[in-house]
Each structure stands twice: as C-alpha cells, then as structure tokens.
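Here are my notes on the model you sent over, as promised. Have a look at the structure first, then read on.

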Amino acid sequence: MAASGERARVPSIRDVARLAGVSHQTVSRVLNDHPSIRPETKKRVQDAIQVLDYKPNLAARALVTSRSRTIGVLSATIGEFGPTSSIASIEDAARAEGYSVTTVNLPATTPEAIGDAIRQLGREQVSGIVVLAPQVRVFNVLRGMAVGVPFVSLQTASGSDGISHSADQVAGARAVTEHLISLGHSDILHLAGPQDWIEAESRMRGYLDALREADLPTFPPIRGDWTADFGYFAGTELVRRRDFTAVFAANDLMAIGLMHGFRDAGIEVPRQVSVVGFDDIPVAAHVWPPLTTVHQDFPSLGQRAVHILLAQIRGEAIPEFGPVAPQLRLRSSSASR
C-alpha cells in the first residue's frame, strides 16, 4: 500500500534530486537555467524530470526568484492581423519554454498611458517584455523610463533602447515598387500609413528609394490611417486626377478600400490602374481582383522575439537573427502598362 501511495504522490523537487543524484539546489539551478551548471549534470536532472513527469511549482519559484516565469507583451495595435498573429506565436514559443504571457494593450500612446502599462507589467513581475507598439513616440517614452527588465521590440526604432527584431519593411516596399516599374509603370502613387508609425516610414522609404534608383518622378505620399474606409475615400478622390497608372498602398486594408473606390468610380483594376498592398492578410487573395501584396512571416517574428528575450533573461549570447525577408505575392491586381 505504501508503494502504491508513493507512486500516486505528486513528485517533488527532492524526488528529482534523489533520482539525478544531485542536491535539490542543483535542480533549482537547472530549472532557472543557471549558467554554472555543467551540461552532463543538466542532462541528468532533465532526464529525471522527464522520468518522474515533474511539474515545477511556478508560483513557489516566483517567490524565490522575485520574478514569475511570465513574459509581458506591450501592444498598441489591437485587432490588427500582423500583431495578432505575432502575439499568438509569442504565446506558443513562450509556452514551449515554460513561460506564460500577459498582454497589456495601450489605450493611447501618451506618456501617461505607456508609463501605466509598464508599471502594470511590473506588478505582474514579468521577466521580460516584447514591445508591439509601432509608433516612434512609444520608444521615446521607453527610452526615458527605467523599465527594469530586458525587452525586445518587433519594430526598429532609431535610438530605441533594448534589442529589436523586425521584418525588412524597406526591402518589401522596394520589391513591390520595383515590380510595378518592371510592368512598365512610371507614374506610381503611394498611399502611406500615418505619420510617426515606424512601419509607415520604412515602407515609404523603400518606395522612394526604388523610384529614385529608376530615375522616375516621385509624388508627395498621401497619408492614410491604415483603414479600408480611408482607402475607399482616396479611390473616389483620386479619379479626379489622371497623372498616375499605379498605386502602392502601405497596407492591404487601404489597398482593398482603394480598389472598391476605383470600382465605384468606374475605374477598372488592373486594366486602367494597378494596385498593390502590403501584409498579405488572409482576405487579400479572395477580393476581386486578388491583391498583389507583400507577405510577412508574422509567426517567425514572434518566435524569434521570444528566443532573443529569453537569451537576455538567462544571460546567454543573443541569437543573431537577420531581418525577416518579406516575400512578394503576385496576383491579378497589377498588370503591364
């Protein structure tokens, strides 16, 4: 009976230590990825954990380490496809490493709101933070704060503290602009994102660089707000001018709204005007005509961010990931001039 009861008992850290032939302090160091543990000792402990199916008490460990095994996500892009996809992959990658994720959404990007969000994550005793806030002003505020834990951003902001990892927005915008140029378009408008948004500025730069290198005329970018409604409004207004043959919209929603506006105004896409977008949201392949766009690997961005952050937390060498290369998706909304 005693043996049966022993088997039914939930294994403890001391059971793991006994099976591995080490002290329970050594098991604790393995669980917390302490750099002083020899590889062979770490393997013995990990094997014992697997044999016993030991589950660490995260709450107890948090009391000892003063940090929970929790990653914080600071987000200012609620409901958008890219950030939502990245957060899902952050959660998956964190879970695989024994971490949970808590997300704080910024209601505004004022210094007060950003400070409140960082303090909230501090109360959660997060071990590190992934920043999914694409406005320059967010990083201006973070730079002046004592965040207190490592953080990694999924945008590259000039002068930002912490480590950044992002898709190569400039390269993606260059690729889509060069695609239009290769089709014979020389008068290409840009429907840009809002001012102060890191991604909007990078995509505009890629567009302008491609035109300059091709020695083609540039037009003042039209500042949008990322929404399909603005794209529709721009489409109905742009029909009054006929000095362009193609439009590069800085995201797919504006591109889809733009095509709707053109269609309602009697302009055929792509016979009269070619339209391209950016992001490759799921619906982009199913609008009419299907939208030429730039695909971004949002899941990979989220996973890499977790690996970078955990390396900082553990005091390990930071993985050297290059920027994620966007991929051009050619569909029917762009055609030869």
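1. A term to settle before anything else: a crossing is called right-handed if the near helix is turned clockwise from the far one by less than a right angle, and left-handed if it is turned anticlockwise. With that in hand, helix 2 passes helix 4 in a right-handed crossing. Keep in mind throughout that this is a predicted model.

2. Staying with that pair, helix 2 (residues 13-20) packs against helix 4 (residues 39-52) at an angle of about 120°, and their axes are 9 Å apart. Helix 2 is therefore oblique to helix 4, because angles of 65 to 115 degrees count as roughly perpendicular and those over 145 as roughly antiparallel. On the helix 2 side the residues are Asp15, Val16, Leu19 and Ala20, and they meet Arg44, Val45, Ala48, Ile49, Val51 and Leu52 in helix 4.

3. Now the other helix pair. Helix 7 (residues 111-123) and helix 8 (residues 136-143) have axes 10 Å apart and pack at an angle of about 60°. That makes helix 7 oblique to helix 8. Pro111, Ile114 and Ile118 of helix 7 make the contact with Arg137, Val138, Val141 and Leu142 of helix 8. Here too the crossing is right-handed, with helix 7 passing helix 8.

4. Next, helix 12 (residues 252-264). Its 13 residues reach 18 Å from first C-alpha to last, close to the 18 Å expected at 1.5 Å a residue. After helix 12 comes glycine 266, with a positive phi near 85°.

5. Which residues of helix 12 are buried? They are Asp252, Met254, Ala255, Ile256, Gly257, Leu258, Met259, Gly261 and Phe262. Their cover includes strand 6 (188-192), helix 11 (228-238), strand 8 (246-249), strand 9 (274-276) and strand 10 (293-295).

6. In soluble globular proteins, nonpolar side chains tend to be buried together. The largest nonpolar core in this model has 26 residues, and Val247, Leu258, Phe262, Val275 and Leu291 have the most contacts inside it. Strand 6, helix 11, strand 8 and helix 12 each supply at least two residues of this core, and helix 12 gives the most, with six.

7. Last, a closer look at leucine 291. Leaving aside neighbours within four places in sequence, leucine 291 touches Asp252, Ala255, Ile256 and Met259, among others. Its contacts also include Val275, Val276, Gly277 and Ala284, as well as Arg329, Arg331 and Ser333.

Definitions and conventions:
Residues are numbered from 1 along each chain as its sequence is written. This is a predicted model: local features need pLDDT of at least 70, side-chain atom pairs count only at pLDDT 80 or more; totals for chains, interfaces and linings use all residues. Side-chain values use heavy atoms; hydrogens and water are left out. Helices (H or I, at least four residues) and strands (E, at least two) are DSSP runs, numbered from the N terminus. The expected span of a helix is 1.5 Å times one less than its number of residues. Buried means under 20% relative accessible area, exposed over 50%, partly exposed in between (1.4 Å probe, protein chains only). Contact means heavy atoms within 4.5 Å. A nonpolar core is a set of buried Ala, Val, Leu, Ile, Met, Phe, Trp, Tyr and Cys residues joined through side-chain atoms within 4.5 Å. Axes are lines fitted to C-alpha atoms, for helices over the stretch in contact, and angles run from 0 to 180 degrees between N-to-C directions. Angles under 35 degrees count as roughly parallel, over 145 as roughly antiparallel, 65 to 115 as roughly perpendicular and the rest as oblique.
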